[in-house]
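Welcome! Please take a look at the model below, and then let us walk through how its parts meet.

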Amino acid sequence: MIKLDSKIPSGPLSEKWEKYKTGLKLVSPANRKKLDVIVVGTGLAGASAASSLGELGYNVKVFCFQDTPRRAHSVAAQGGINAAKNYKNDGDSIYRLFLDTIKGGDYRAREANVYRAAEVSNQVIDHYTALGVPFAHDYGGMLDTRSFGGVQVSRTFYAKGQTGQQCLLGTYSSLSRQVNKGTVTMYSRKEMVDLVIIDGKARGIISRNLVTGELERYSAHAVVLATGGYGTVFYLSTLALGSNPMAAWVSHKKGALFANPSFIQIHPTSVPVLNEYQSKLTLMSESLRNDGRVWVPKQKNDKRHPNEIPEEERDYYLERQYPAYGNLVPRDVGSRAAKERCDAGYGVGDTGLAVYLDFKDAIKKQGKKAIENKYGNLFEMYEKISGIIPYDEPMRIYPAGHYTMGGLWVDYNLMTTIPGLYAIGESNFSDHGANRLGANSLMQCSGDGYFILPYTIADYLADDIATSKIPTDTPEFEKAEKAVNERIERLVNIKGNETATSYHRKLGKILWDYCGMIRNEEGIKKGAKLLKELEEDFYKNLIIPGTGAELNQELEKALRVETFFEIGQLMCQDALNRKESCGAHFREESQTETGETLRKDEEYAYVAAWEFKGEGKEHELHKEPLNFEFVELKQRSYK
Amino acid sequence: MKVTLKIWRQKNAKAKGRFVKYKLENVSPEMSFLEMLDYLNEQLIKSGEDPVVFDHDCREGICGACGLYINGRPHGPEKRTTTCELHMRSFKDGGTIVIEPWRSKAFPVIKDLMVDRTALDEIIRSGGYISVNTGSAPEANSIPVGKHLSDKAFDAAECIGCGACVAACKNSSAMLFVAAKVSQMAFLPHGKPEAADRVQSMVKKADVLGFGGCSNTYSCEHDCPKGIPVEFIAKMNREFFKAKVCKQKVE
Ligand SMILES: Cc1cc2nc3c(=O)[nH]c(=O)nc-3n(C[C@H](O)[C@H](O)[C@H](O)COP(=O)(O)OP(=O)(O)OC[C@H]3O[C@@H](n4cnc5c(N)ncnc54)[C@H](O)[C@@H]3O)c2cc1C
Ligand code: SF4
Ligand code: FES
């Protein structure tokens, strides 16, 4: 019987972490060398954790499925990273960052975790700066900041529209330094396909060598997952094509509870779908909403060129509906508003599934050069995809699947319900509630890896200093490897005639339609049923050329798609269970008179943590009540 | 559109490769280049053939995974464009497109169009970092960085590690890649303490790994998808020279 213990320390909010930290056990430098830690993932979360643990002297093994750690999906983050430095003297503070995050997440995150993330944010910026991350500076040589959605202060540090790239290359450089020193061993092009548990503890992984197809065994005293999000469940999303939840999912099936799986953020500003073969949607950073104004024509089905539509015939609907925040409303609000306008017939472009993001006024006021300085690379990117030059006419944008607030359930130590298995970064559920604020993810991923996990994992490892190397020639490894082999054989031997990608596309569409931006009971049930049928077909008609014992990109995809079917089913179950609206989870049955999310705090102020009970069996729901000691629960308002 | 593709097929690192011709119909000009290859692969798989293997991930020009040699140019015909950002509207209807992997001794072919670029990681490991441990950084604004310097450092830091510069160079030189990292850190005050060691060990490492020297033909700059300019190679050379002089003084 699993009992959820969040391990949140008592005491005043601002003292919790400081106090707790000093009470944690330590491992002496001499003993660290003897302890192995596996880190799966080299994004901001994984690379920062691995390099920090390496610096401390642990023996670290790091994995990624790309050819090099520098390509982890964090590299694609654009707009920025938040910190409570208050450099702008605009009233920011750790407490305000905490408050904005709790509110932005629609009161479905843990207070203590969020406060801690805000608390370490300033150190994150100090560290990146020291690593040589070229954040934007002002003329006086000080760091510059800008505003992001859902807040009224300017706390977002940035490096043009490539903040993720620059931060990731910063962590990659410290990771490289540790690889050079020999404290960290890098395993690229290796995909974790199973978790190995010995005597109830996470003790290793099975990975598939993506070049040779061989299954390999790696052991450690603890395993850290930093494997990112699963927005790719919709097929078309703003994520890199390889992003997938398999590592988290196989761990879930071995006993790690999965929390709030249906909390997926749909980002309001992505380049819309342009052709039927499209393989991904490219994000246009939220930072653009600092200067861009969102509008649709006031007239339905207006086919005129946007530049020919006069000012008085434009509906700047965000500014109209949300005068206080205007174009900078949080993402969930912005996305639903765009969908609402398009569904009502005001959408633009060939498909009618787009709205305008216009820079005309900003260019007039600040000059083209200033706009180019801020967003040059994004404008260039947009032009390459669409052929439209955004300096001359408005961009067309539409919401797209983007970020998963849901993930593996972790306690205050970032440990899952499997002892010795940690989850950090986007792969856990802990800090963003039902909706993540812009630039808060890079902050959380880095904070987790640099300044939280290294402390909490020591507390666990301290009890393991007498445990020698974990051998891999044991029945547990044997059994896990055999099971993976069977999984692979099963898929390869179907020999049908439909590719993994084709199934992925179809399953993504089902989830997008029935468990996407707007949900209702009937729809979710229908989606779950369609998904089940498609999954049955998948096991009858999938085609994978070649075998498992070689480089096989189709097999890689099929293994991931298999996971998407299962996680998709749990998403539906979770969405069905939560008969309230909160953040990105919008249940039609629960809305205010003006169409905003309506929470039901008495019934649903809890984290929904799901337990896997075996193949073909129903998941069991565990509730972690969210106790708000410091914040008063309110209806979110951005009006 | 209709296109004829001539694609380099090679079973593994040791096998001998060859070009294979494919005719592809109903290609939409709106497709990205990689979506066109997905479309080809979909057909190959269904007809029982081995799909073409290539690296990719972000498909928006930032991760550096993609990289094909297209009609004799790394990343194809458009300037400042990665393979994944390339669209079929850049090609002629009815034309032939030749697709090869990066060619360099330091980048062995793994299969078809996929190569091993670990050598670039090894160059970074030899010194492409600032040695600061987690927890020891000073307050971020305590070391002012002039705007022009942080902008310059950013321009250099834009390198995505794709290796096109190496593929473009007749000497397989990685100097643009090395110079980008060396310059980024040399522009910033934080990178100064290790500047001399950094440039020396990175240049040496590139040499050991089998990358060639630079003979100033500038094809790297021409084909770099991020527009990293050769002026950074000049900057690196100055850093290298400075390092030598400094070393001599110390000794
Ligand atoms: C287009 C875009 C723009 C964004 N912009 C911003 C922004 O401006 N600010 C912000 O705060 N957030 C932004 N985000 C969100 C943010 O980028 C991500 O949430 C964050 O980078 C996730 O980092 P991570 O370290 O958790 O995982 P990732 O960076 O996704 O890394 C996952 C790692 O795990 C590895 N991995 C996964 N599965 C396996 C496996 N089975 N075996 C081996 N390795 C595996 C991968 O190889 C990779 O190394 C953006 C997201 C997108 C999609
Ligand atoms: S310098 Fe340019 S071409 Fe060379 S690796 Fe970097 S981005 Fe690619
Ligand atoms: S796939 Fe990432 S740069 Fe092309």
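In this predicted model, 68 residues of chain B and 77 residues of chain A take part in the contact between the two chains. The size of an interface is often given as the accessible area lost when the parts come together. For chain B and chain A, that buried area is about 6,100 Å², and carbon and sulfur atoms give 53% of it.

Six salt bridges cross the interface of chain B and chain A. A:Lys384 and B:Glu85 form a salt bridge, with 3.6 Å between their closest N and O atoms. The interface of chain B and chain A also holds 39 residue pairs in polar contact, both residues being at pLDDT 80 or more. Which elements of chain B each bring at least two residues to the side that touches chain A? They are the helices α1 (33-46), α2 (118-125), α3 (147-157) and α5 (175-187), together with the strands β6 (109-111) and β7 (114-115). Sorted by class, that side of chain B has 32 nonpolar, 21 charged and 15 polar residues.

Now let us turn to chain B by itself. Chain B is divided into domain 1, covering 3-110, and domain 2, made of 117-131 + 145-246. The centres of the two domains, taken over C-alpha atoms, lie 28 Å apart. Domain 1 of chain B brings 21 residues to the contact, and domain 2 of chain B brings 21 residues.

How much area is buried between domain 1 and domain 2 of chain B? The value is about 1,600 Å², with 54% coming from carbon and sulfur atoms. On the domain 1 side, B:Arg80, B:Ala106 and B:Phe107 supply 31% of the area buried against domain 2 of chain B, more than any other three residues.

The domains of chain B share two salt bridges and seven residue pairs in polar contact, both at pLDDT 80 or more. On the side of domain 1 of chain B that touches domain 2, nine residues are nonpolar, six are polar and six are charged. B:Asp223 forms a salt bridge with B:Arg73, and their closest N and O atoms are 2.8 Å apart.

| Salt bridge | Distance between closest N and O atoms |
|---|---|
| A:Lys384 and B:Glu85 | 3.6 Å |
| B:Arg73 and B:Asp223 | 2.8 Å |

Methods
Residues are numbered from 1 along each chain as its sequence is written. Chains are lettered from A and ligands numbered from 1 in the order in which they are written. This is a predicted model: local features need pLDDT of at least 70, side-chain atom pairs count only at pLDDT 80 or more; totals for chains, interfaces and linings use all residues. Side-chain values use heavy atoms; hydrogens and water are left out. Domain bounds come from an automatic or database domain assignment. Contact means heavy atoms within 4.5 Å. Buried area is the accessible area (1.4 Å probe) that two parts lose on being put together, summed over both. A salt bridge is a side-chain nitrogen of Lys or Arg within 4 Å of a carboxyl oxygen of Asp or Glu. A polar contact is a pair of N or O atoms within 3.5 Å; within protein, one must be able to donate a hydrogen and the other to accept it, and residues adjacent in sequence count only if both atoms are side-chain atoms. Ala, Val, Leu, Ile, Met, Phe, Trp, Tyr, Cys and Pro count as nonpolar, Asp, Glu, Lys and Arg as charged, and the others, Gly among them, as polar. Helices (H or I, at least four residues) and strands (E, at least two) are DSSP runs, numbered from the N terminus.
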